[in-house]
Amino acid sequence: MEKDEITQKLEKAFPKEKDYLPILETLAIVGVADTHHLQIGSEQARDKLRRSLDKLEALGCVHAILEAVHRKTGRGRRPQVWRLGEAGALFLDTRPGKLESTRAITHALGMLDFHLAADQAEQKIQTDKVITFENGSLRPDHLVET
């Protein structure tokens, strides 16, 4: 599948770009996100988000992670965790989510918690990006500019 083909399918499935792009962009930050993160990132109500995720999953843009990821998220059921799929990554010109272990997924979700909080506080943030300098490189979880 090519990017143009994915773009056409997305435009056909969704009336507006804002119905899918913020979901994909939120997933692209660390490769995974739970439904709570996606509600924050997309500003969609739970039912509309669910319908959007169903469409994106049918297109191969996202995939539900089936194994249980235990996090302290408050009361109620654990939110569903999603991974950025091949088609979604191709559309955004990034790489798909490849995290497999529960520990790595849980860490990435914590990083996304911090990223979204910084973003809501209008702080400029880079998450999980390589920083190259004269003597080598680093890959910190976050770089926040104040």
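This is a predicted model: local features need pLDDT of at least 70, side-chain atom pairs count only at pLDDT 80 or more; totals for chains, interfaces and linings use all residues.
**Exercise 1. The three-stranded sheet**

In what order do the three strands of the open sheet lie, and is the pairing parallel or antiparallel?

*Solution.* 

Step 1. The order of the three strands is E1-E3-E2, and their pairing is antiparallel. Strands of a sheet pair through backbone hydrogen bonds, in either a parallel or an antiparallel sense.

Step 2. From one strand to the next, the twist averages 30°.

Step 3. E2 and E3 run antiparallel and are joined by three bridges. Within this pairing, alanine 64 has tryptophan 82 in E3 as its bridge partner.

**Exercise 2. The aromatic pairs**

Classify the two aromatic pairs that a search of the whole structure finds.

*Solution.* 

Step 1. A pair of aromatic rings is described by the distance between the centres and the angle between the planes.

Step 2. For phenylalanine 14 and tyrosine 20, the distance is 5.3 Å centre to centre and the angle between the planes is 45°. Planes under 30 degrees apart count as stacked and those over 60 as edge-to-face, so an angle between these limits is classed as tilted. The pair of phenylalanine 14 and tyrosine 20 is accordingly tilted.

Step 3. The ring centres of tyrosine 20 and phenylalanine 91 are 5.9 Å apart and the planes stand at 65°, so this pair is edge-to-face. The two residues are 71 residues apart: tyrosine 20 is in the loop between helix H1 (3-13) and helix H2 (21-30), whereas phenylalanine 91 is in helix H5 (residues 86-92).

Step 4. Taken together, the ring pairs link Phe14, Tyr20 and Phe91 into a cluster. Phenylalanine 14 and tyrosine 20 are buried, and phenylalanine 91 is buried as well.

Step 5. Charged groups are also found over these rings. The charged end of lysine 3 sits over the ring of phenylalanine 91, 5.9 Å from the ring centre; that of lysine 55 sits over the ring of phenylalanine 14, 5.1 Å from the ring centre.

**Exercise 3. The nonpolar core**

Which residues have the most contacts inside the largest nonpolar core, and which residues does leucine 24 touch?

*Solution.* 

Step 1. In soluble globular proteins, nonpolar side chains tend to be buried together.

Step 2. The largest nonpolar core has 32 residues, and Leu10, Leu24 and Leu56 have the most contacts inside it. Among the elements that each supply at least two residues of this core are H1, H2, H4 (46-58) and helix H6 (102-120).

Step 3. Leaving aside residues up to four places away in sequence, leucine 24 touches Leu10, Leu56, Cys61, Val62, Leu84, Gly88, Phe91 and Leu92.

Key:
Residues are numbered from 1 along each chain as its sequence is written. Side-chain values use heavy atoms; hydrogens and water are left out. Rings of Phe, Tyr and Trp (its six-membered ring) pair if their centres lie within 6.5 Å; planes under 30 degrees apart count as stacked, over 60 as edge-to-face and the rest as tilted. Buried means under 20% relative accessible area, exposed over 50%, partly exposed in between (1.4 Å probe, protein chains only). Helices (H or I, at least four residues) and strands (E, at least two) are DSSP runs, numbered from the N terminus. A charge sits over a ring if NZ of Lys or CZ of Arg is within 6 Å of the ring centre and within 35 degrees of the ring normal. A nonpolar core is a set of buried Ala, Val, Leu, Ile, Met, Phe, Trp, Tyr and Cys residues joined through side-chain atoms within 4.5 Å. Contact means heavy atoms within 4.5 Å. Two strands pair if DSSP finds at least two bridges between them. Axes are lines fitted to C-alpha atoms, for helices over the stretch in contact, and angles run from 0 to 180 degrees between N-to-C directions.
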